[in-house]
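Biologist: Could we go through this model together? Please take my questions as they come.

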Amino acid sequence: MAYMTDEDAKRLDEKWTKNPPKPGPNGTGYFTQCKKNAHTITIDNISAHYLNTKAIADHKTPAQILGEMVQERIAAVL
């Protein structure tokens with residue numbers, strides 16, 4: 001695993017100190033855009049463990065696994 005050197009940390013600190021992220025008007029800022037595409041749900045430990053295990057086994061993200069499960073359920077209803 002690559003670690004950040006002191007020089008890298010100073011450079012990064014200087015960059016963000018001199019150029020802090022600025023929110024955009026009317027929801028055009030970075031964090032607002034991220035928030036529009038993200039949803040938070042709470043699940044129990046067994047479900048979380050299952051999702052993580054399945055995601056690792058299938059080389060996917062937990063979000064992809066959930067998306068596939070929901071699409072299967074929708075397809076079954078239709």
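Biologist: Which atom does a side-chain oxygen of D44 reach at the start of α3?
Modeller: A side-chain oxygen of D44 comes to within 3.2 Å of the backbone nitrogen of I46. Helices here are DSSP runs of H or I, at least four residues, numbered from the N terminus. This is a predicted model in which local features need pLDDT of at least 70 and side-chain atom pairs count only at pLDDT 80 or more, while totals for chains, interfaces and linings use all residues. Residues are numbered from 1 along each chain as its sequence is written, and side-chain values use heavy atoms, with hydrogens and water left out.

Biologist: What follows α3?
Modeller: H59 follows α3, and its phi is positive, near 55°.

Biologist: Which residues of α3 and α4 meet?
Modeller: L51, N52, K54, A55 and D58 in α3 meet P62, I65, L66 and M69 in α4 (heavy atoms within 4.5 Å).

Biologist: Changing topic, where is confidence lowest and where highest?
Modeller: On pLDDT, the predictor's confidence in each residue from 0 to 100, helix α2 (residues 30-36) is lowest at a mean of 68, and α3 is highest at 93. The protein chain averages 84, and 78% of the residues score at least 70.

Note on methods
Helix = DSSP H or I, 4+ residues; strand = E, 2+ residues; numbered from the N terminus. Polar contact = N/O pair within 3.5 Å; in protein donor to acceptor, adjacent residues only side chain to side chain.
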